[in-house]
Amino acid sequence: MAETEHITVADTSAGPGGMEDPGQSVDIPVVELLTGRGFITGKSGSGKSNTASVVAEKLLDNGFGLLVVDIDGEYYGLKEEYEILHVGGDEECDIQVTEEHAGKIASLALEQNVPIILDVSSFLDEDEAESLLTEVAKALFAKAKKQKQPFLMLVEECHEWIPEQGSMGEVGKMLIKIGKRGRKHGLGIVGISQRPADVKKDYITQCDWLVWHRLTWNNDTKVVGRILDSQYADAVEDLDDGEAFMMTDWAEQVRRVQFHRKQTFDAGATPGLDDFERPELKSVSEDLVSELETISEEKQATENRIKELREELDKKNSRIAELETELQDARDLQRMAEQFTDALLGHVEGANPGRTAKEEMQRKRERRQGDAEPPAGSMPADSAAESTAATDAGPATDSTAPADDTEASSEPDTTSGGGFGDAFSAFDDDGVAMNGGSDGAGASANGATANGSAPDESTQGSSDAALEAALAAVAEEDGGEATGEDAGGNSDAGAEADTATQGNRPAVVRDIGSDIETLEEKTRRMLAYYREHGPGTPLNAHFSAGGSGDRTAAYARNRTLRLDGFIEHVGRGKYDSRLAALVREASDEDIDEQTAAAYAEQIERALVEQRD
């Protein structure tokens with residue numbers, strides 16, 4: 001670094017506010033420049049960017065470091081004479097950088113004394129440019145505290161970052177911090193703006209040196225009057241190009257000066273009719289670029305890996321969605337098969353007048369449990385429970401078969417020959433045997449003999465009489481209670497159910513309540529958990545019921561609730577209560593959803609009372 005204490009940037013000039021002896025050299029102390037706070041302002045075309053470039057050239061001539069924040073892409077002309085690293089967001093720069101490069105940029109600037117142009121004009125995304133500048137400013141401030149090396153930061157259009165009005169972003173806060181505390185660490189800053197009225201006054205009033213080029217807007221000249229004096233506010237409108245009023249802490253008075261003309265290519269000049277010729281620019285060391293390229297390559301590799309992982313995740317999510325759809329389809333088929341089985345058995349056994357709704361539900365559960373039990377000697381009870389737990393936990397990603405319905409494999413297959421394919425043709429929509437049904441299903445449903453012959457009219461009549469007797473017996477047992485509407489035709493069953501006592505509750509409520517009473521205490525508590533909390537996993541329900549973390553026990557109790565129809569699988573390994581649906585299924589008569597919900601609430605209250 002050169003042993004230079006001052007740099008010459010201008011000469012004094014005549015005119016209002018000028019020196020009596022014009023033509024004298026105007027010097028700036030290097031230490032004050034590198035570590036202090038400066039402000040250069042003037043309207044477009046008045047010479048403010050030329051002044052900043054002259055300061056930069058003089059520092060580069062003497063080997064001092066600096067970083068220029070270029071907002072409009074007009075400082076790359078410095079590369080015509082100087083080996084300066086040009087970083088930004090497009091291919092015109094020496095290397096394209098992001099905020100991940102901020103630490104390395106600060107390291108090159110302060111540790112290796114590399115002059116840098118940070119060109120944010122090439123970023124299409126303003127947020128990306130602001131993030132980069134914020135991180136670079138933070139890195140410079142942090143490293144300057146350790147390096148203690150004089151270094152200057154030139155910031156173009158600083159009113160965009162430290163505005164007088166409105167909120168200030170992270171960039172502005174960091175620049176203000178550098179202005180207030182950077183001096184003690186050797187980090188200086190110079191703000192450049194064409195609108196002084198729009199720059200935060202806390203920054204301007206703390207500056208060590210200020211340069212006022214030509215200003216014409218009334219708001220801007222008022223700032224000159226407040227900072228300098230009213231005579232300068234009037235004279236500043238008449239300054240020539242490159243001419244300015246200069247106020248510094250190291251001079252006794254304000255001077256009217258004419259700044260020198262920059263020596264390098266003027267990339268910020270207004271284009272004319274002449275052909276534009278880009279000058280030959282100096283290249284920087286490949287070692288400097290390679291250090292930054294390593295960061296870019298690592299960032300690209302990380303982004304590629306993230307993209308691959310996201311693609312894999314999308315594929316797995318799609319597969320999960322497919323398996324869930326298949327699982328739901330399988331459950332729908334199983335439920336439909338059970339409905340047809342119940343229709344067949346109900347029609348055959350309907351002549352028994354002594355069967356109640358409670359007995360019917362008990363028969364269904366015994367049939368389900370009997371079908372789900374493995375053949376003798378097939379596996380120990382503990383292994384079966386563990387298998388059930390693993391199956392209920394959710395679908396396996398490597399299988400297309402629904403995992404939750406393994407135990408239902410012994411149920412009739414609606415698609416296989418000799419199963420429910422015949423039942424579809426044998427029954428109409430109400431589950432009653434059709435006259436034109438198949439010989440096997442239709443004959444058995446109507447009391448056919450072993451050889452499949454059709455019953456005579458007397459047999460048919462006796463069967464119908466038996467059905468009527470069974471219905472009458474059920475109605476008599478239930479005390480003639482209405483399940484959907486009262487005698488007047490008003491749908492008040494739900495309201496009556498809310499106020500009913502145990503003695504006059506509907507039969508279906510008493511029956512389901514009795515079934516719940518037969519369950520183990522922890523199993524009942526798991527059902528209460530699903531009713532109170534909604535969808536949940538068997539393990540969470542088991543914990544809530546006072547159970548341990550035994551996965552096998554949790555899923556075994558959960559399976560009991562599911563086979564009895566109290567809960568159902570709702571996806572992603574979670575289950576939910578289906579008491580209202582069970583009420584409608586178990587009722588001897590059709591009831592509407594509102595009534596079923598009211599009955600379910602009665603059952604739920606009883607369930608809570610049992611739990612408490």
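1. Helix α4 gives the positive surface patch its largest share, three residues. The patch gathers Lys-138, Lys-145, Lys-146, Lys-148, Lys-177, Arg-181 and Lys-184, and the elements that give two or more residues to it are α4 and α5 (170-181). A patch here takes residues with over 30% relative accessible area and no salt bridge, like charges being joined within 9 Å. A salt bridge is a side-chain nitrogen of Lys or Arg within 4 Å of a carboxyl oxygen of Asp or Glu.

2. A word on the basis: this is a predicted model, in which local features need pLDDT of at least 70, side-chain atom pairs count only at pLDDT 80 or more, and totals for chains, interfaces and linings use all residues. Residues are numbered from 1 along each chain as its sequence is written, and side-chain values use heavy atoms, leaving out hydrogens and water.

3. Do look at Lys-184, in the loop between α5 and β9 (187-193). Lys-184 has a relative accessible area of 61%, so it counts as exposed (over 50%, with a 1.4 Å probe and protein chains only).

4. There is a negative patch on the surface too, made of Asp-72, Glu-99, Glu-100, Asp-125, Glu-126, Asp-127, Glu-128 and Glu-160. Asp-125 sits in the loop between β7 (116-119) and α4 (126-147). Its relative accessibility is 38%, so Asp-125 is partly exposed, a class that runs between the buried limit of 20% and the exposed limit of 50%.

5. Finally, helix α20 (residues 579-586) has Leu-579, Leu-582, Val-583 and Ala-586 buried, meaning under 20% relative accessible area. Down the axis of α20 these buried residues fall within an arc of 105°, so they line one face of the helix. The arc is taken from the directions from the helix axis to the C-beta atoms.

Terms used
Patches are made of residues with over 30% relative accessible area and no salt bridge: like charges are joined within 9 Å, nonpolar side chains (Val, Leu, Ile, Met, Phe, Trp, Tyr) within 5 Å. Accessible areas come from the Shrake-Rupley method with a 1.4 Å probe; for residues, only the protein chains shown count as cover. Lys and Arg count as positive and Asp and Glu as negative; His and the chain ends are not counted. The place of a charge is taken as NZ of Lys, CZ of Arg, CG of Asp or CD of Glu. Helices (H or I, at least four residues) and strands (E, at least two) are DSSP runs, numbered from the N terminus.
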